[in-house]
Amino acid sequence: MKAMKLLPVFLLFVIASCSSVKVYSDYDNNVDFSQYKTYAFHKKGIDRVEISELDKKRILNAIDRELSRKGMSKSENPDLLINILTKEREKIDVNQYNAGWGYGWGYGWNPYFWGGRSTYVSSSTEGTLYIDLIDAKKKELVWQGEGVGYLTENRNEKEKQINEFVAKILEQFPPSASKK
């Protein structure tokens with residue numbers, strides 16, 4: 001009976017752990033991340049990103065929100081410069097299956113094969129968002145986060161999806177002492 005009570009809790013954890021965004025991060029082991037309290041966006045780098053201005057604004061707002069939750073603040077004289085980079089690629093899936101009956105193995109035409117073959121082709125766009133944190137004084141990359149997931153053109157879902165990408169990536173910043 002106790003197992004039945006724990007089943008909904010277990011299912012909630014399973015559903016919550018399934019995310020549509022895969023994240024990775026890398027960082028300089030020799031850096032003390034506790035020294036960074038302020039940030040600014042690296043305008044030259046962000047201006048070169050080839051996405052719509054609206055999507056840039058959504059990404060930068062999401063980064064602002066996540067870093068402020070971590071106690072960091074924007075500054076004219078920042079400790080960190082933040083840059084973003086995006087990539088996308090089209091994924092095409094082709095599935096073929098038999099829609100009928102058939103006998104045995106063989107090559108070529110089979111007179112005992114009824115039905116037909118069906119082919120299903122689908123495409124989707126996979127996007128990657130990189131968030132680079134650069135030491136403003138040394139001008140060196142100290143942390144990089146990467147999020148990979150499927151993109152949507154649905155305007156209602158886009159902001160939610162961007163917020164999820166950024167939140168999942170910045171969840172790994174700063175690196176904990178146990179990860180070092």
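Accessible areas come from the Shrake-Rupley method with a 1.4 Å probe, and for residues only the protein chains shown count as cover. Val 94 lies in strand E4 (residues 80–98) and is exposed, at a relative accessible area of 52%. Buried means under 20% relative accessible area, exposed over 50%, and partly exposed in between (1.4 Å probe, protein chains only).

**Basis of the entries**

I note that this is a predicted model, in which local features need pLDDT of at least 70 and side-chain atom pairs count only at pLDDT 80 or more, while totals for chains, interfaces and linings use all residues. Residues are numbered from 1 along each chain as its sequence is written, and side-chain values use heavy atoms, with hydrogens and water left out.

**Whole chain**

I recorded 4 helices and 6 strands, in the order α-β-β-α-α-β-β-β-β-α along the sequence. Helices (H or I, at least four residues) and strands (E, at least two) are DSSP runs numbered from the N terminus. Of the 180 residues, 32% count as buried. The chain exposes about 13,000 Å², of which carbon and sulfur atoms supply 54%. Among contacts (heavy atoms within 4.5 Å) between residues at least 6 apart in sequence, 72% join residues at least 24 apart.

**Asn 83**

I returned to strand E4 for Asn 83, which counts as buried at 13% relative accessibility. Its side chain reaches the backbone nitrogen of Ile 46 at 3.3 Å. The C-alpha atoms of Asn 83 and Ile 46 are separated by 5.9 Å, although the two residues are 37 apart along the chain. Leaving aside neighbours within four places in sequence, the contacts of Asn 83 include His 42, Gly 45, Tyr 130 and Asp 132.

**Nonpolar core**

I looked up the largest nonpolar core, which has 29 residues; among those with the most contacts inside it are Ile 84, Ile 131 and Trp 143. Strands E1 (21–27) and E5 (117–135) and helices H3 (53–69) and H4 (155–170) are among the elements that each supply at least two residues of this core. Such a core is a set of buried Ala, Val, Leu, Ile, Met, Phe, Trp, Tyr and Cys residues joined through side-chain atoms within 4.5 Å. Not counting residues up to four places away in sequence, Trp 143 touches Phe 33, Ile 131, Phe 173 and Pro 175, among others.

**Salt bridges**

I counted 8 salt bridges, each a side-chain nitrogen of Lys or Arg within 4 Å of a carboxyl oxygen of Asp or Glu. Lys 43 and Asp 47 meet at 3.0 Å, N to O, and both lie in helix H2 (residues 43–47), about one turn apart. Lys 43 is exposed at 59% relative accessibility, whereas Asp 47 is partly exposed at 47%.

Lys 74 and Asp 64 form another salt bridge, at 3.4 Å. Lys 74 lies in strand E3 (residues 73–74) and Asp 64 in helix H3, so the pair ties together parts 10 residues apart in sequence. Asp 64 is buried, at 18%.

Within helix H3, Glu 66 and Arg 69 are 3 residues apart, and their closest N and O atoms are 2.7 Å apart. Glu 66 is buried at 12%, while Arg 69 is exposed at 60%.

Conventions
Polar contact = N/O pair within 3.5 Å; in protein donor to acceptor, adjacent residues only side chain to side chain.
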